[in-house]
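Here is a briefing on the structure shown below. Short notes follow, grouped by topic.

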Number of protein chains: 2
Amino acid sequence: MSPRRVVVVGSSGAVGRELLALLAARGVPPDRVVALRRRAADGAVPLDGFPFAPDDLALFCAGAEVSRREVPRALAAGARVIDLSSAFRRDETVPLVVPEVNGDALDGADRLVAGPNCTATLLCVALAPLERAFGLERVVVATYQAVSGAGARAIDELRRQTRAALDDAPLRPEVFPEPIAFNVFSHESALDPATGRNDEEEKVIRETRRLLGRPDLPIACTCMRVPVERAHTEAVDVTLRRPASEDEVRAVLGAAPGISLVDDRAAARFPTPRLAGGRDDVLVGRIRRSTGDPAGIQLVVCGDQLRKGAATNALAIMDRWPPAAPPADAPGPPA
Amino acid sequence: MSPRRVVVVGSSGAVGRELLALLAARGVPPDRVVALRRRAADGAVPLDGFPFAPDDLALFCAGAEVSRREVPRALAAGARVIDLSSAFRRDETVPLVVPEVNGDALDGADRLVAGPNCTATLLCVALAPLERAFGLERVVVATYQAVSGAGARAIDELRRQTRAALDDAPLRPEVFPEPIAFNVFSHESALDPATGRNDEEEKVIRETRRLLGRPDLPIACTCMRVPVERAHTEAVDVTLRRPASEDEVRAVLGAAPGISLVDDRAAARFPTPRLAGGRDDVLVGRIRRSTGDPAGIQLVVCGDQLRKGAATNALAIMDRWPPAAPPADAPGPPA
C-alpha cells in the first residue's frame, strides 16, 4: 500500500526513532512523514487532538496505554493503523503479522494490524520455515534480551550503571528492578503468580502459537535480560515432527525469507548481538543436532530488537498490506 | 580426610586464589597450606621439582596441561590429588565427583579424584534431586556463563573492554575471540566440526551423564558467554519421567543439599549472578511448569563459578573423602 502520509505515533521512543530513520533511508519525502509525540519538540507534533485523515497510515509505538486511547480515534478518522504495542495482540479479530511468517493474514486485514512482540517475531522468522518443512513437535527457548526492549531510558541506565560498577560506585537501579550492569536477570515484566511465567514469556508463547497457526504447540520459554544494548539472542531447541538431517535444516533456513545464516564452524563465526545490531534480517546459526534425540535440532537466533523486532517488521507490513478495497458505492478500477 | 598439608597447584589463577581464601577462612593453619605456581612470588613456591610428600593433599587448578605433567609425579610421591582440570575427567577409572550428587563414588577412590566442569557441577546439583525423586527423561539447558571460567585475565578483559566501549574506543579482544563488552557469544572452546558442539557443551553433556549415572540421558545444551564477572546462570528445561506438581518439585529441591531456593514470585526475587557471587551454594528458582507438557518443569540455576563450580566443590571432596586404608601389613585400629 502507498499511504498519503505515514504518521509515527511515539516518535521520540527507541522504536519511533528507528522508524523515522528507516523511512528517511527509504527516501520517503519528509512532507509525507508526520512525527507525533506527547509534546511538540524536535519537529514533532503533539499527539493530543492530532487530526488523522483517511489514507493516513499510522504506526503506533508509544505503548499499550496510548494505543488503547488513540488507535480508535485514528481508525474513526479513516486511517489505517499498524500497532506495535501489546494493546490489540490478543484480539483475534486483529491480524497479528510477521510478513515472512503469515503475510496472508494481511489479505483479509481491514484497517488495523498488530505487530508482535519482538522476541516472538525473531523466533517465528526462524521457526516458520521449520514448521512448514518438517512440522514442530515442541520448542524450548531461552532468551538473552537486550535492554532496548525497555526503551531508550533503559539503554541509558545500562551505560550509566556499568560505568558506576567499573568505578565501584553505587548502581542505583531506576528503570529495571535489578542491577543490569554485569548481571543477568529474569525479564522484569509482571509475573503471573499462578503459572510463574512473566508477561514476556506469556507473549512469546501465545504470539508464537498464533503466528504459526499452532494454538496447542508446546513451548517452554525462559526470558532473561542481559547487559546488551539492542539485539536479542535466543537459544532454541526444536523437536521436529519429521526428523531431518542437519543439512536439510540448514538448506530450509538458508532459503527462508528474512534470515541470514551465520554458521561457520571452521571460523567459529555465529550470530551475536554485535553482528545483528542495525540489521534488518534475523541471524541464524549454530544449527546442530541435539544429543540423544533423533528429531532434536538446536539453533542460535539473533536479531536487532528495534529493527527486525519492531520497526522493520512494521514497514514490511506496510509494504505487504494490499490497498484498501474501495467503498461499495465507489466506482471500481477501470476494467 | 585430614591431610598433613594442602598443596594448591596453580595458586595465582582465579580458582587457586579462591582455594587459598577458602582454606584461610576455614582456619587451616598457614603452615599446613603450600601455594605452588610457575615461578616463586607472593609467598608461593615454584611447582617445578616441588617435593610432594605422602599425606599431602594436592589440589590442582593450573589447567589440563600442567595436570597431565605433574599429577603423576604427585601420585608417585604418595600424595592424594583432587584435579580440577579436564585432564582426567574422561578416565573412567578416576572418580568424577560432586559430593551432593555422587559422593558415594569417593568410597572406592584411591589417590586421584577429578572435579567436574563448573557448568556441569552447578547443573547436577539441581538435577540430581529431580533424578532421584522423579527420574529425568530429557534435559535442555542454555547457559549464561561468566568470564571467570576463562581465568583472571578474562575478568580484566571484560572490565577493560567495557570501559573502552563506553568511551567509543576500539575493543581489542585478546583473551576471547569476540568482543565481550555488551555482547553475548557462543562459548569460545574448540568446536567439533562434525557435531557443531563446542567443547564446553560436550563436557556438560558427558559429565552430567556420568555424574548422574545416566549414560544415555538426552541433553541438549547451548553454552554462551555473557558480560558477567564470576557467576554462571543456566536456564533449564526438564522433562520428568514421572510427572510431578510444581509443589512436589519445589519441596524436593528445597530439601536438597547444596541448594538455596530463591523463588519469590510476589517480590520477583530469583537467582541472579549478583546474588550468587561469593556464595558456596547453588541458587535455584523460577520453578514452574512448561507450557503444553505435563511432565515439563523449568528452572533457573545460578552459582559462583569459582566457588561452587570449582573451589568449594574441591574442598567438599576433601571433606568427604574417607581416610586412606592402612597398608595391608600395618597394624589395624585397636578393636
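Leaving aside neighbours within four places in sequence, T239(A) is in contact with E137(A), R138(A), D293(A), A295(A) and G296(A). Contact means that the C-beta atoms of two residues, placed from the backbone, lie within 7 Å. The model is predicted: local features need pLDDT of at least 70, side-chain atom pairs count only at pLDDT 80 or more, and totals for chains, interfaces and linings use all residues. Residues are numbered from 1 along each chain as its sequence is written, while chains are lettered from A and ligands numbered from 1 in the order in which they are written.

**Around T239(A)**

- T239(A) lies in strand 10 (residues 231–240) of chain A.
- Helices (H or I, at least four residues) and strands (E, at least two) are DSSP runs, numbered from the N terminus.
- T239(A) counts as buried because it has 21 C-beta neighbours inside 10 Å.
- A residue is buried if 20 or more other C-beta atoms lie within 10 Å of its own, exposed if 12 or fewer, and partly exposed in between; C-beta atoms are placed from the backbone.
- P294(A) is 55 residues from T239(A) along the chain, and their C-alpha atoms are separated by 8.7 Å.

**Chain A overall**

- Chain A has 9 helices and 13 strands.
- Its radius of gyration is 21 Å, close to the 20 Å that the globule rule gives for 335 residues, so chain A is as compact as a globular protein of that length.
- That radius is taken over C-alpha atoms, and the globule rule is 2.2 Å times the number of residues to the power 0.38.
- Along the principal axes, the C-alpha atoms of chain A fill a box of roughly 65 × 60 × 45 Å.
- Of the 335 residues of chain A, 55% count as buried.
- Take the contacts in chain A between residues at least 6 apart in sequence: 67% of them join residues at least 24 apart.

**The parallel sheet of chain A**

- Chain A holds an open sheet of 6 strands, in the order 3-2-1-4-5-6, with parallel pairing.
- Two strands pair if DSSP finds at least two bridges between them.
- Strand 3 (45–46) and strand 6 (112–114) of chain A are the edge strands, each pairing on one side only.
- Strand 1 (residues 5–9) and strand 2 (residues 33–37) of chain A run parallel and are joined by 4 bridges.
- V7(A) has V34(A), in strand 2 of chain A, as its bridge partner.
- Helix 1 (residues 14–25) of chain A packs on the sheet, touching strand 1, strand 2 and strand 4 (56–60) of chain A.
- The direction of helix 1 of chain A makes about 160° with that of strand 1 of chain A.
- Axes are lines fitted to C-alpha atoms, for helices over the stretch in contact, and angles run from 0 to 180 degrees between N-to-C directions.
- Strand 4 and strand 5 of chain A also pair in the parallel sense, over 4 bridges.
- L59(A) stands opposite I82(A) in strand 5 of chain A.
- R80(A) and I82(A) point one way from strand 5 of chain A, V81(A) and D83(A) point the other way, and all are buried.
- Helix 9 (residues 307–320) of chain A lies across strand 4, strand 5 (80–83) and strand 6 of chain A, at about 150° to strand 5 of chain A.

- The same surface serves both copies: 100% of the contact residues of chain A recur in chain B.
- In chain B, strand 4 (residues 56–60) and strand 5 (residues 80–83) pair in the parallel sense over 4 bridges.
- A58(B) stands opposite V81(B) in strand 5 of chain B.

**Positive phi in loops**

- R172(A) is not a glycine, yet has a positive phi of about 50°.
- R172(A) sits in the loop between helix 5 (152–166) and strand 8 (185–186) of chain A.
- R172(A) counts as exposed, with 10 C-beta neighbours inside 10 Å.
- D168(B), also not a glycine, has a positive phi of about 55°.

**Confidence**

- The mean pLDDT of chain A is 94, and 96% of its residues reach 70 or more.
- pLDDT is the predictor's confidence in each residue, from 0 to 100.
- The model scores ipTM 0.94 and pTM 0.94.
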